[in-house]
Amino acid sequence: MQHPELSPNASFYVGPEGEPPLSRTGFIILSIIMAFFTVPAIVLNATVIIVSLMHKQLRQPLNYALVNMAVADLGTAMTGGVLAVVNNALGHYSLGRTGCVMEGFAVSLCGITSLCTVALIAVERMFVVCKPLGQITFQKKHAVGGIALSWLWSLTWNLPPLFGWGRYEMEGVGTSCAPDWHNTDSSNVSYIVVYFAVCFAIPFALILASYTKLMWTLHQVSRMACVEGGAVAKGEMKVATMVILMVLTFLISWLPYAGLAMFVVANPDAEIYPLVGTVPVYLAKSSTVYNPIIYIYLNKQFRKYAVPFLLCGKELWEDEETSEATTTVEITNKVSPS
């Protein structure tokens, strides 16, 4: 497969014949697209962190993972997003080989942590509602342990390229860096295959298993004759909608990137046009915008404080009697055996 190379002594990315992979106009368009995702991502995720620090009502164990995701997504946007905007505007990569490795590691560390946190949220919700281990209260130590595990898991699988197993290299049109999935060296291929399994396949399996169990539990409860007024049935529909949104955005954000990487590994002679290789990269980075909207701004607790913060004190919605957390507790109480 033909792909541009970054010379150790150069700060620009060129094609096989020495031609840039895109026209000047093309780079500008990509810069604008990335700015469209990056600026809202920084604002939204920073807002989540700030309002969480400002309001102790939000500092509950079940919300720790949401804040952790905001921290990871902010890190991705501040490193990969901002650099992509700048480098596309310049029309070349501006940080050289060392900068490429540093960016690749930082973006991958934050990106995989965010991805793992999506799985963590699914597992936490399943445990709180379904109680597979019995009447165990979800506490601060459980939340902190899950967050630590997400960062440790990401660190474990993003460190190897710094020590020779795999490597960080330019990707797409050459304005960002990531694990090198187009190198056909056996050591690099083995790393990419393992990376795909532990950083995409396992989190996705956890998400599917957790939400399947949660939906099945809510469905069973909604059929109970003792549940008054169809409250749980309505809650089931709401949760089902949220689950579909979560799974779809996860797949839209990450499946093209993982799929293209595996396709190239399986077909090393395939020729991928640089722009085609760039689209999955930007879709993955766009998750930094989707995540806070779906997981946080559709959460009544966070919305109550985040929206007025963004609008300088103005309210868009009237206060609702119950928060999402209260609803979850009520459903949990109905699910739990008396």
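Helices (H or I, at least four residues) and strands (E, at least two) are DSSP runs, numbered from the N terminus. This is a predicted model, in which local features need pLDDT of at least 70 and side-chain atom pairs count only at pLDDT 80 or more, while totals for chains, interfaces and linings use all residues. Residues are numbered from 1 along each chain as its sequence is written, and side-chain values use heavy atoms, with hydrogens and water left out.

**View 1. Cys-199 in helix α5.** Cys-199 belongs to helix α5, which covers residues 186-222. With a relative accessible area of 2%, Cys-199 is buried (buried means under 20% relative accessible area, exposed over 50%, and partly exposed in between, with a 1.4 Å probe and protein chains only). Apart from its neighbours within four places in sequence, Cys-199 is in contact with Ile-112, Leu-115 and Trp-157, where contact means heavy atoms within 4.5 Å. Gly-111 and Cys-199 are separated by 88 residues in sequence and by 10.0 Å in space, C-alpha to C-alpha.

**View 2. The second largest pocket.** The volume of this second largest pocket is about 370 Å³. Its lining consists of 17 residues, and Cys-116, Leu-120, Gly-146, Leu-149 and Leu-206 lie nearest its centre. Helices α3 (96-130), α4 (140-158) and α5 each supply at least two residues of the lining. The search runs on a 1 Å grid over the protein atoms alone; a pocket is an open set of points with protein on both sides within 12 Å along at least five of seven lines, and lining residues have an atom within 4 Å of a point. Grid points are joined across faces, edges and corners, and a volume is the space filled by probe spheres set on the points.

**View 3. A network of salt bridges.** Arg-97, Arg-167, Glu-169 and Asp-180 are linked in a network of salt bridges. A salt bridge is a side-chain nitrogen of Lys or Arg within 4 Å of a carboxyl oxygen of Asp or Glu, and by this rule the count comes to 3 salt bridges. One of them joins the side chains of Arg-97 and Glu-169, at 3.3 Å from N to O. This pair links distant parts of the chain, with Arg-97 in helix α3 and Glu-169 in strand β1 (residues 168-171), 72 residues apart. Arg-97 is partly exposed at a relative accessible area of 26%, whereas Glu-169 is buried at 5%.

**View 4. Arg-167 and its partners.** Glu-169 also forms a salt bridge with Arg-167, and their closest N and O atoms are 3.6 Å apart. Arg-167 has a relative accessible area of 28% and is therefore partly exposed. Asp-180 meets Arg-167 in a salt bridge between side chains, at 2.6 Å from N to O. Asp-180 lies in the loop between β2 (176-179) and α5 and Arg-167 in the loop between α4 and β1, so the pair ties together parts that are 13 residues apart in sequence. Asp-180 counts as buried because its relative accessibility is 1%.

**View 5. Val-281 in helix α7.** Val-281 is placed in helix α7, residues 274-297. Its relative accessibility is 3%, so Val-281 counts as buried. Not counting residues up to four places away in sequence, Val-281 touches Glu-171, Ser-176 and Tyr-257. Between Val-281 and Gly-172 there are 7.6 Å in space, C-alpha to C-alpha, although the two are 109 residues apart in sequence.

View 6. Val-39, Val-43, Ile-50, Met-54, Phe-309, Leu-310 and Leu-311 make a nonpolar surface patch of about 560 Å². Such patches are made of residues with over 30% relative accessible area and no salt bridge, nonpolar side chains (Val, Leu, Ile, Met, Phe, Trp, Tyr) being joined within 5 Å and like charges within 9 Å. Accessible areas come from the Shrake-Rupley method with a 1.4 Å probe; for residues, only the protein chains shown count as cover. Helices α1 (24-54) and α8 (300-310) each supply at least two residues of the patch, and the largest share, 4 residues, comes from α1. Val-43 lies in α1 and counts as partly exposed at 40% relative accessibility. Ser-31 is also placed in helix α1, but counts as buried at 8% relative accessibility. Ser-31 touches Val-85, Asn-88 and Ala-89, not counting residues up to four places away in sequence.

Terms used
1 Å grid on protein atoms, 1.4 Å probe; cavity = no way out; pocket = protein on both sides within 12 Å on 5 of 7 lines; lining within 4 Å.
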